[in-house]
Structure formats: structure tokens, C-alpha cells
Amino acid sequence: MSEIYSPDEDSFLMSDILKKEIPKLLKKNSDLKFLEIGSGSGVNLKIANESGIKKKNIFSCDVNQRAVKLCKSLGFNCIKSDLFENIKGKFDLIIFNPPYLPENKFDKERDTSGGKKGDETILEFLKQAKKYLCKKGKIFLLTSSFTPMSRIRKEMKNYKHKILVRKKLFYEELFVWELM
Ligand SMILES: C[S@@+](CC[C@H](N)C(=O)[O-])C[C@H]1O[C@@H](n2cnc3c(N)ncnc32)[C@H](O)[C@@H]1O
């Protein structure tokens with residue numbers, strides 16, 4: 001079974017955005033329903049809760065059973081699901097820090113590798129996510145300068161979208177997108 005992803009720069013960039021944006025969203029809707037796809041260690045479920053979202057409104061899933069077990073042990077709703085496969089209902093905020101790297105012989109794990117080209121998991125996420133968004137719902141999605149973007153950009157045209165924040169690391173650049 002795969003290891004649980006250890007929070008890294010990508011996780012923390014998403015945390016920063018959540019700390020900044022969730023209080024604003026809660027001002028408009030105090031009953032905000034939150035979903036994280038691929039919750040891993042639960043680092044951003046904790047941030048969502050600390051930023052004011054009620055625990056009963058925080059939902060999550062992962063394909064990795066170990067991650068599901070850990071998030072549940074932290075008291076969060078978490079189920080095993082490949083993207084939205086087992087998800088029911090609609091959400092005001094959906095976040096995904098996806099596996100975004102092209103597969104290589106050293107790295108084929110689903111925590112970091114997003115398929116042969118690296119964009120496959122994100123593409124499938126974008127195709128499915130719309131159905132699970134409330135009318136004014138938002139998505140925060142992370143990508144990297146290593147993620148091939150041409151097919152993703154095409155799929156993003158189905159949403160209103162913009163880059164919320166970008167962060168240059170010495171080896172790559174990270175982006176968090178907002179999609180509506
Ligand atoms: C880059 S890690 C991020 C983990 C955590 N959210 C964080 O920010 O530290 C990606 C996570 O997505 C999960 N994952 C990969 N493909 C998935 C899929 N198709 N459906 C659900 N989860 C998936 C992985 O198991 C992993 O926990």
C-alpha cells in the first residue's frame with residue numbers, strides 16, 4: 001500500500017490560500033460545505049477547520065486507504081474514492097492538490113504522479129467537478145510548472161478561472177487556480 005503524502009510546499013501554498021479565502025467565504029455563507037479530493041495527511045482539513053468551517057461540513061476522500069484511515073482518526077469525514085466516484089451532494093468549496101507530475105520510472109505513485117503525461121488526473125477532475133459544485137461554488141486547484149497545461153487550459157474554459165497565487169521555488173513554480 002502507498003505511503004501517505006508528507007505535506008510539502010504545495011500543501012502549504014494551498015494552506016495559505018485557505019487561511020486567506022475561507023474567512024471571506026464564511027462571511028457570505030456561514031454554513032459553507034467543503035470537500036477536499038486527495039486529503040492525504042489531512043493537513044488542509046485541519047486548516048479548513050481552524051479557518052472556521054464546521055467539522056460537520058468538512059468532507060474528504062482519497063484513493064489511498066491509509067490516508068483515509070488517518071483523516072478519519074483526526075475526526076474528519078473521509079471516504080475512499082477515486083475522484084468523485086463515491087461522493088454525493090454539492091459543495092461550496094472543493095479543493096484539490098493533485099498528483100501533477102509526469103510518470104517516470106522512479107515515481108509512479110498516485111500521490112505525486114498524475115498519469116503518463118502528468119495531466120490525466122487533473123483533466124478527469126475538471127470533467128467531473130462541475131456536477132458537485134453549488135451554484136456559486138468555487139474550486140481551488142494546484143498545478144505546477146511541471147504539469148503539461150495545454151489540455152488542462154482547454155478544459156478550464158468550461159469554468160470562469162484565474163490564478164489566485166503563484167510561488168517560485170528554485171526548481172519549479174506552483175500555481176493555485178480558482179475556478180467557478
Ligand atoms: C500531492 S498529494 C496531496 C495530499 C494533501 N492534500 C496535501 O496537500 O498534503 C495528492 C493526494 O491525492 C491522492 N489522490 C491521487 N489520485 C487520486 C484520485 N484519483 N482520487 C482521490 N485521491 C487521489 C493521493 O493519494 C494523495 O493523498
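How do the residues of the shell around the ligand divide into nonpolar, polar and charged? I began my entries with this point, working on a predicted model. I counted eleven nonpolar, ten polar and four charged residues in that shell.

I next looked up which residues approach the ligand. Of the 25 residues around the ligand, I found that Y5, S11, G38, G40 and N97 come nearest. I then asked which elements contribute to the shell. At least two shell residues are supplied by each of α1 (9–28), α2 (43–50) and β2 (58–62).

**Fold.** I listed five helices and seven strands in the chain. Read from the N terminus, I recorded their order as α-β-α-β-α-β-β-α-β-α-β-β.

**Overall dimensions.** I compared the radius of gyration with the expectation for a globule. The chain has 15 Å, which agrees with a compact globule, because one of 180 residues would have a radius of gyration near 16 Å. Along the principal axes, I noted that the C-alpha atoms fill a box of roughly 45 × 35 × 30 Å.

**Packing.** I found 36% of the 180 residues in the chain to be buried.

**Core.** I looked up the largest nonpolar core, which has 41 residues. F34, A48 and I94 touch the most other members of this core.

Notes:
Residues are numbered from 1 along each chain as its sequence is written. This is a predicted model: local features need pLDDT of at least 70, side-chain atom pairs count only at pLDDT 80 or more; totals for chains, interfaces and linings use all residues. A residue is near a molecule or strand if its C-beta atom, placed from the backbone, lies within 6 Å of it. Helices (H or I, at least four residues) and strands (E, at least two) are DSSP runs, numbered from the N terminus. Ala, Val, Leu, Ile, Met, Phe, Trp, Tyr, Cys and Pro count as nonpolar, Asp, Glu, Lys and Arg as charged, and the others, Gly among them, as polar. The radius of gyration is taken over C-alpha atoms; the globule rule is 2.2 Å times the number of residues to the power 0.38. A residue is buried if 20 or more other C-beta atoms lie within 10 Å of its own, exposed if 12 or fewer, and partly exposed in between; C-beta atoms are placed from the backbone. A nonpolar core is a set of buried Ala, Val, Leu, Ile, Met, Phe, Trp, Tyr and Cys residues joined through C-beta atoms within 7 Å.
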